[in-house]
Amino acid sequence: MLPYGRQSIVEEDVRAVVEVLRGDWLTTGPAVDRFEADLGARVGGHGAVAVTSGTGALHVAYAAAGLRPGDEVVVAPLTFVATAAAAVLHGARVVFADVSEDTGNLDPDAAKAALTSRTRVVAGVDYAGHPIDAEPLRRIADDAGALLLEDAAHSIGSIWHGRPVGDLADLTTLSFFPTKNLTTAEGGAVVSPDAGLVRAARRFRNHGLVRERDEQRYPDEGGWHQEVHAFGLNYRLPDVLCALGSSQLHRLDAFKRRRAEIHARYDAALVDVAEVRTPACREGADPAWHLYPLRVLDGRRRALYDHLRANGIGVQVNYVPAYWHPVFEDMGYRRGQCPVAERYYQQQLSLPLFPDLSDADVDRVAGLVREFFGHGD
Ligand SMILES: *Cc1c(COP(=O)(O)O)cnc(C)c1O
């Protein structure tokens, strides 16, 4: 089965990992500092905190935002469940706001309508790699006294009007799962231009431990002393995986170029098929595409999914609206609340997209789609 996404690993990556395995530090050593510096430089020169997954990054980012029971978070529903789940696990209430019809990203007007006096975070998602509508969302969040969070699990390397992802929001979260634009096997990061938020993220990642003597309540306890002022967890990404991350970062530009080539090749091959719609790209967006979200307009998405799977093509659907998960249904969330996201989901099909995908494979996938709709070659 041709997968819809997969990692690209070369000898240089293997060497970087093996070198760390032979050294003194498996975790919390110099490779972590190096990766965080390399990563920070790629995302606007901001502070980066490496963590164990994109889900962990969301949990840490919401903690850094000071999310507490009773707070509300406005979340785009066309996303992996973690964007919402990580907020619920802090005791917050999630309010889903609908997406824009073209990009599938959080619609600023819908986000604005979802604000209340309890809103603490507005959380958008760079769906498929296309950056959020950052300026209006920033204004809306600022006016509400809330923070803007960008779930950039899909979009490291993307640029919006000249600014890299990582530079657009108060808190940006990344995922380094193998199908994403860059991998550390499992991994993620929190990025912020705000030193206080970066510090809070670092603390939560490491049990909330306070090691800075001038900040301790009992600084004279002894040289070994560290103390907890607010609870945290262990989300530390080990040196072994950070070494892979630094190595992969060298190829991020090449990954982005190849992903764009494949995107354009699918576009060209499918542009005349009236039953489908190819992905939108807004002016000012320069995406590092994670997904190729095709939309099937004639109601036959499921049949096309089954047809491609039967032909060995590992297509995927991204995503069932987050509030359709029974856990949200059981909390009282009802279908129909975000009709644009629901229609998007019902049409959506992700075609295979990863740097090592060959042109011949792209042509084979596109050919199967054309054939399905009766467009012979
Ligand atoms: C992958 C993903 C996550 C979670 O990242 P993991 O590293 O798999 O935990 C969160 N949000 C979105 C939009 C994702 O695609």
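Is Phe 96 buried or exposed in this structure? Phe 96 counts as buried, because its relative accessibility is 7%, where buried means under 20% relative accessible area, exposed means over 50%, and partly exposed lies in between (1.4 Å probe, protein chains only). The structure is a predicted model, in which local features need pLDDT of at least 70 and side-chain atom pairs count only at pLDDT 80 or more, while totals for chains, interfaces and linings use all residues. Residues are numbered from 1 along each chain as its sequence is written, and side-chain values use heavy atoms, with hydrogens and water left out.

The chain contains 13 helices and 15 strands, which are DSSP runs numbered from the N terminus (helices H or I with at least four residues, strands E with at least two). Its radius of gyration is 21 Å, close to the 21 Å that the globule rule gives for 377 residues, so the chain is as compact as a globular protein of that length; the radius is taken over C-alpha atoms, and the rule is 2.2 Å times the number of residues to the power 0.38. Of the 377 residues in the chain, 54% are buried. Among contacts with a separation of 6 or more, 70% come from residues 24 or more positions apart, a contact being heavy atoms within 4.5 Å.

A search of the whole structure finds 11 aromatic pairs, that is, rings of Phe, Tyr and Trp (its six-membered ring) whose centres lie within 6.5 Å, with planes under 30 degrees apart counted as stacked, over 60 as edge-to-face and the rest as tilted. One of these joins Phe 96 to Tyr 323, and the pair is tilted because the planes stand at 55°, with the ring centres 5.3 Å apart. This pair links distant parts of the chain, since Phe 96 lies in strand 3 (residues 93-96) and Tyr 323 in the loop between helix 10 (301-310) and helix 11 (326-330), 227 residues apart. Tyr 323 is also buried, with a relative accessible area of 1%. The rings of Phe 96 and Tyr 333 have centres 5.6 Å apart and planes at 75°, so this pair is edge-to-face. Here too distant parts are linked, with Tyr 333 in the loop between helix 11 and helix 12 (339-347), 237 residues from Phe 96. Tyr 333 counts as buried at 11% relative accessibility. Ring pairs join Phe 96, Tyr 323, Phe 328 and Tyr 333 into a cluster.

Rings can also meet charges. The charged end of Arg 335 sits over the ring of Trp 324, 3.8 Å from its centre, which requires NZ of Lys or CZ of Arg within 6 Å of the ring centre and within 35 degrees of the ring normal.

Charged side chains pair with one another as well. The structure holds 23 salt bridges, each a side-chain nitrogen of Lys or Arg within 4 Å of a carboxyl oxygen of Asp or Glu. In one of them, Glu 215 meets Arg 199, with the closest N and O atoms 2.9 Å apart. Glu 215 is partly exposed, with a relative accessible area of 29%, and Arg 199 is likewise partly exposed, at 41%. Elsewhere, salt bridges that share partners join Arg 258, Glu 261, Arg 265, Asp 359 and Asp 363 into one network.
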